[in-house]
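Colleague: I have a model open and would like to talk through it. Can you put it up so we are looking at the same thing?

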Amino acid sequence: MIVLLPILPEILLLALGVLILILDPFLKKDEARRPFLGWFTAVGLLAALTVSLLLARPADDPAFAFGGMVRFDWLGFVFKMFFLFAAAVTALFFMDEEKLNRRAEAYLLLVAAALGMCLMASAADLVMLYLAIETTSIPLYILAGFLRQDDKSTEAGFKYLLFGALTSAVLLYGFSLIYGLTGKTGLYELGVYFNNFNLIAMGITFLVLAGLAFKVSLFPFHFWAPDVYEGAPTPVAGFLSTVSKAAGFAVLARLFAVVFVWVSDDWSLILAILATLTMTVGNLIALAQKNIKRLLAYSSIAHAGYALVGVVAFYGLGLPSVVFYLIAYVLTNLLAFGIVAVVGRVTGSDEFPAYYGLSRRSAGLGLAALVAFLSLSGMPPFAGFVAKVFVFVAAVESGWVWLAIVGVLNSIVGLYYYLNVLKYMYLYRMENQDEDQHPVPVSRPVAVALIVLVAGILLLGTLFGPWFGLATYAAAALF
Amino acid sequence: MEFILDHILTLILFFPVLAAVVVLLLPKDNLKAIRWTALGMSIVPFLLSIYLWTQFQAGQAGFQFEEQYTWYAMLNSTFHVGVDGLSLTMVLLTALLTPVALLASFSVADRVKAYMFLFLLLETGMLGVFMALDLLIFFVFWEVGLVPMYFLINQWGSEKGERELWKGVKIQARNYASLKFIIYTMAGSLGLLLAIQLLGVLFKTYDLPTLTAQWTALTEGTILNVPVATVKAVAFWAFVVAFAVKVPVWPFHTWLPDAHTEAPTAGSMILAGVLLKLGAYGFLRLVLPLYPAESAKYAGALAFLAVMAIVFGAFASYGQKDFKRLVAYSSVNHMGFVLLGIAAAAKASGTLDATIALNGAVLQMFNHGLSAAGMFFLVGVLYERTHTRNLDDFGGLFPLVPVYGGILIFTSMASLGLPGLNGFVSEFLVVRGSWPILTVYTAIAMIGLLFTGAYILKGIKQVLHGPLNEHWAKGEHKLTEINLREIVVMAPLMALILVIGVYPAWILDVINKAMMMLFH
Amino acid sequence: MQFPFLSVIVFTPLAAALIILVYKPEWKKAIRWTALAAGLFALMLSAWVYISYDKSAAGYQFVEKYDWMPMLGISLHFGVDGMSAPLVLLTGVVMVTGVMISWGVEDRPREFFAFLFILASGVFGVFASLDLFMLFFFYEIAVFPMYLLIAIWGWIKTREYAAMKLTLYLFVGSVISLIGALVMYFTSGQHTFNMLALETAKFTPEFQKTWFLPVFLGFAILGGIFPFHNWSPDGHVAAPTAVSMFHAGVLMKLGAFAALRVGIMLLPEGAKFWAPLIMGLALVNIVYGAFIASVQTDFKYVIGFSSVSHMGLVAMGFATLNADGMIGAGVQMFSHGVMTALFFAVVGMVYDRAHTRDIPKLGGMIKPLPLAGIGLIVGSLVSMGMPGFSGFVAEFPIFRGIWSTHLWWMAIVGAISIVVTAAYVLRVVLKVFFGKMPEEFEHHIPPINWLDKTALILLMAFMIGIGLFPALMVPWVESGVQHILALLGGA
């Protein structure tokens, strides 16, 4: 049993997946009870979360397991717990999507993707890492294209697949070069080969960075995101834009911490420029959007840029701030996509006019949107504020004052378009000003998910001390 | 009794506020109660100030009945009040004119409560200026008095007429007048305010006696990198302008005819009777003691302004067609004599001639208070009946209203300076005192005096004599005689005019001793 | 353990906001009464804090400190000094009167009061915070509800534009200050956001000179300093009445206060270096604001620009860096707060009834709305610095403070604004309340209700009370200024 502890969450996920498959045929005939699948998945994920929290906490000293394939440390563990949580929330959102909620495959793919992400967070070996990435990606390709009757969804799935496959190949190429040069695959053994600058190391770094930049949609590998988010079923897009990105950052952080050490030391200027471009491009293009999912897509690109600011700072508060940022971002963006999903289901549109008068149509949803968008724009007392401030704190601490200034200027641009969205919801009216006649009902699973997320955002935004402590603890375990 | 004597100044000062609050609490519709309460309660400060007069030790130097309380500790400004002969005279004048003016206002029917309320506040504002021994408190009351007057003019002023403000924007004449009044005075006070601030920064106190001693002692060195002499000269003119606007001295006088014309009768009475004295009082209380050297230096300029006021005031008055404007310009003319006396005293401070001129100036302040108030009231009486002030509309009214005519002639004569009435005494003293000091200016002023006679006689002639305007003789426009209330208003004024004219010693004694002590 | 007055004050509005959000939207009465009750509760507590503040002991009192994030040295650290105690009281007053004036809000009152109270919590938090991080936290909380309040309940013609402009201006300012604050945090080497500790950090003069300007101006934007004042009149005009009251009454003080606390108190050397510039900008505020106000024809724009002018006096007072100026500025913050709250309340009352704010179209309002007229008159007198009212008590020391600096000529220039102010406020009073009432308004102007009256009387009482008895407020501010002067090197 002890041997399996490091991958207990993954095992539980696997078991959950199997259970879903078993359960599926039993519910086939009984349409009324199909929603049970969603509850089952969500509760199962939460159960896995609880069990892991109770039983599978890593020791203070990190340990390798399975021949160095995975590293049993707090960083991986913290990320895993949040992945499970986010997956559970996403499962609840799935239940509201007609095309998804009766299909066991959808839940299964979700669980499988979560499983891959968990492995990403703790992988300590190139082979394991690559496998984990693919385990994550393939279910997500399918989920993105899940609505086969919908051209946009099909397009999204296909696009995602093509881009993903290409960058996976690049990544794999980088990995193979590493192996070829060093003969090693263990991440923690590779550091010595990359502790100073040379041309080959630079080339390899580029390849690996490109592969991961795709996952977290950094500039200039961000083009896929808006199209995919727009086409994919909204809950899937939410999952893609949050958890998948966080997993990418987890890998990025680990690689920079232990493999490409010189990058984090000498090349931080390049990263800083990358962060600047990512933030700026994401924000500026977001300004011009008329579709809320595309807006969120560009905004999530910008957020990747903010998180990268923390990566630039790296030492000291750098990594903790990244971890904290990701946690906050995952909660916030999930909430935003959850709201988009609800509105999209009721109005059948993701364009801005669909949001006119939302606060009159459903006051609760309006308030949830308020929390989500203000948190995205970095206003207290929501998680986004503290997260952003900590990233900037880290930047200033490492002497990156100009980067922090770029960051805050960007967040002003962000504020502008987020507030515009709120304006549509609160200020604009429906065409005939008859909001009373057009309520936006919120189903129970979604309501539960939204409330949990709102509470989480507020919790993170006010009692941020312990959470940041956790992030610090996790980041410290990396080295 | 002891309490009253210990706090007599604050009692006099704040009793009108109490009265105002009481008035405010009365029912809005009970006009009778409001009027009588206001009048009744305003008599209390008058009685108190008579009592104050009797208790005042004229021969004793310095200020008496002083009271001092913390007010604005951080600025070292205290609520410090006290009176000497100069301020006592003015307090008496104010306390007398207020009930008189209130009685005169019984004919006001519109928003009586607010009217009485403001009027009583106005009294406190004026009394405060005369009593203040702290420069900041002085300024506080100086400015506070503006507000009620402003509203009295623009709310209860004459409703007719329009004036162009700028670029074709027209506003009611009373609004124009009141705005001009307050803006002129406030703008004039700006320099004063700034100078007061500077003094406070320099000496960390606003106590007048202390300030006077320290400021006059300061003659060398620099202030803010500017030589003391320059600073003092600038500050001197800042003070002078502030007070000159109020007096008003030519060429700052243009607000006055407008304000008087538009103000309600009682407002004009107080305006001419007391408010103008504030300016002259400022010269005597602040300018001369604080800037003896500068005053002497610029006395010629002051005298020039004074003479201009006398001459132009007289000419302008003569040229008026509006009875009230005529009286208004006469104020400019009369106040010119006050300033002339002050200028003479400034030039030759400490001499006997100077003291005589000062005595004349202060007495002229008091006298003008009586006669101008009376004149404005009489104009008001006529206006209430005829609704016109145009001199051409009158004529030959004496037979219709003999009592009114008598009173008018009596008051006019006081204003003209007929020997035996009060105006003569004070003008004589001023001229007598100024002659040796400022001979040329005084000589020119004497010519102005000639025209004083001319315009007053013109006024009387146009109203009372000449061919009768039949319009007022019968029918609905028939002019009615002055009524008992109006006579009661005039009675104390006329009595004092006569008493001072015949036996000025009782008041001159107090003034003279004060002047001796102040300027020796 | 003393009763935690300040945290209760800070979190009362927030709690009320949450309670209100739980109500059903239809429970309008309950929403209003809850709001009023919470407001009164907060006012009572803040009055208690004000009254029981020990002036002779000075320093920070009612201090509470809870470790919030020890790792970074962040704590929930509350305390008031003589500078902030009046402002806490002011916030309480404006909050209560704001609720009273907004009784008639019919469109989504639930959200309205909730947002307003979140705002109030933020404001209380800034005034009470002794922790730099928490100060920012509350500062931002105070800014964002503004957007919603203006955009949703504001004046339909300009609300979108104005709300966005305002939010962006303020946000830019605050984040620039934030960067400065973070640099201070790391440069101090103390790893604490505790401002009491940072006050003793002894930053190098070069550092202070570099960072003072961004930090000070960043906050001063909210204080309406020239040339960054542009958002404020637009914002005021577009905002609904209670929000204008809050905005001009309290929020602008927030900027000035934060600029003082973070800019001048933590970077005194920088303040000394840049003071002439700040004074210059403030002078422009004072004079330019007054002139612009005098040519406005929109009632609310007049008041909006007058705020620019008056807040210039606050900045001016702070920039003199001497006791006179700072005390004056401290009192001016309170005085202007109640005054402008009153102004906007009156404007709101008139607008609600006449449906126009165009001054030439108004007139004769004194008959139907006598108390509002008296309120406006009192406010005008305060505004022109008439002695006997709080404006004089505040402005006089400020001008004295200017005289004590080597830029004394600014006092002379600045004084022009007094006359200009007198001219335009009186013009407005005359026209709106005493001019001839246009016929369409005859008998169509309903009187104000008792809540409005109570609010007006409360506000007037403060202005007259402090004007007649400066001792009711000046000693408090004075005790706070002593500490600032000590930081400035006993100047």
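Modeller: Start with Ser217(A), which sits in the loop between H9 and H10 of chain A. Keep in mind that this is a predicted model.

Colleague: What is the phi of Ser217(A)?

Modeller: Positive, about 50°, although Ser217(A) is not a glycine. Most residues other than glycine have a negative phi.

Colleague: Is Ser217(A) buried or exposed?

Modeller: Ser217(A) counts as buried, because it has 29 C-beta neighbours inside 10 Å. The cut-off for buried is 20 or more.

Colleague: And which residues does the cis peptide bond in chain A join?

Modeller: Phe219(A) and Pro220(A), with omega at about 0°. Pro220(A) is found in the loop between helix H9 (199–215) and H10 of chain A.

Colleague: What about the bond from Val247(B) to Pro248(B), cis or trans?

Modeller: Cis, with omega near -10°. Pro248(B) lies between helix H10 (228–246) and helix H11 (255–262) of chain B, in the loop. Most peptide bonds are trans.

Colleague: Back to chain A as a whole. How many helices and strands are there?

Modeller: Chain A has 21 helices and 2 strands. Its radius of gyration is 21 Å, close to the 23 Å that the globule rule gives for 479 residues, so chain A is as compact as a globular protein of that length. Along the principal axes, the C-alpha atoms of chain A fill a box of roughly 65 × 55 × 40 Å.

Colleague: How much of chain A counts as buried?

Modeller: 62% of its 479 residues. As for contacts in chain A between residues at least 6 apart in sequence, 79% join residues at least 24 apart.

Colleague: What domains does the assignment give for chain A?

Modeller: Domain 1 (1–265) and domain 2 (267–479). Over C-alpha atoms, the centres of domain 1 of chain A and domain 2 of chain A are separated by 21 Å. In the contact, 41 residues of domain 1 of chain A meet 49 residues of domain 2 of chain A.

Colleague: Which helix gives the most to the domain 1 side?

Modeller: H11(A), with 15 residues of the side of domain 1 of chain A that touches domain 2 of chain A. By class, that side of domain 1 has 27 nonpolar, 8 polar and 6 charged residues.

Colleague: Switching to chain C. Where is Arg108(C)?

Modeller: In the loop between helix H3 (84–101) and helix H4 (109–128) of chain C. Arg108(C) is not a glycine, yet has a positive phi of about 45°. With 20 C-beta neighbours inside 10 Å, Arg108(C) counts as buried.

Colleague: And H3(C), how many of its residues are buried?

Modeller: 18 of 18, so H3(C) is mostly covered. At 1.5 Å a residue, the 18 residues of H3(C) should span 26 Å, and its end C-alpha atoms are 25 Å apart, which agrees.

Colleague: Last one. How many residues does the contact take from chain C and chain B?

Modeller: 27 residues from chain C and 27 residues from chain B. On the side of chain C that touches chain B, helix H15 (390–403), helix H16 (409–434) and helix H18 (474–487) of chain C each supply at least two residues. H16(C) has the largest share of that side, 10 residues.

Colleague: What is that side of chain C made of, by class?

Modeller: The side of chain C that touches chain B has 23 nonpolar, 2 polar and 2 charged residues.

Technical notes:
Residues are numbered from 1 along each chain as its sequence is written. Chains are lettered from A and ligands numbered from 1 in the order in which they are written. This is a predicted model: local features need pLDDT of at least 70, side-chain atom pairs count only at pLDDT 80 or more; totals for chains, interfaces and linings use all residues. Domain bounds come from an automatic or database domain assignment. Two residues are in contact if their C-beta atoms, placed from the backbone, lie within 7 Å. Helices (H or I, at least four residues) and strands (E, at least two) are DSSP runs, numbered from the N terminus. Ala, Val, Leu, Ile, Met, Phe, Trp, Tyr, Cys and Pro count as nonpolar, Asp, Glu, Lys and Arg as charged, and the others, Gly among them, as polar. The radius of gyration is taken over C-alpha atoms; the globule rule is 2.2 Å times the number of residues to the power 0.38. A residue is buried if 20 or more other C-beta atoms lie within 10 Å of its own, exposed if 12 or fewer, and partly exposed in between; C-beta atoms are placed from the backbone. The expected span of a helix is 1.5 Å times one less than its number of residues.
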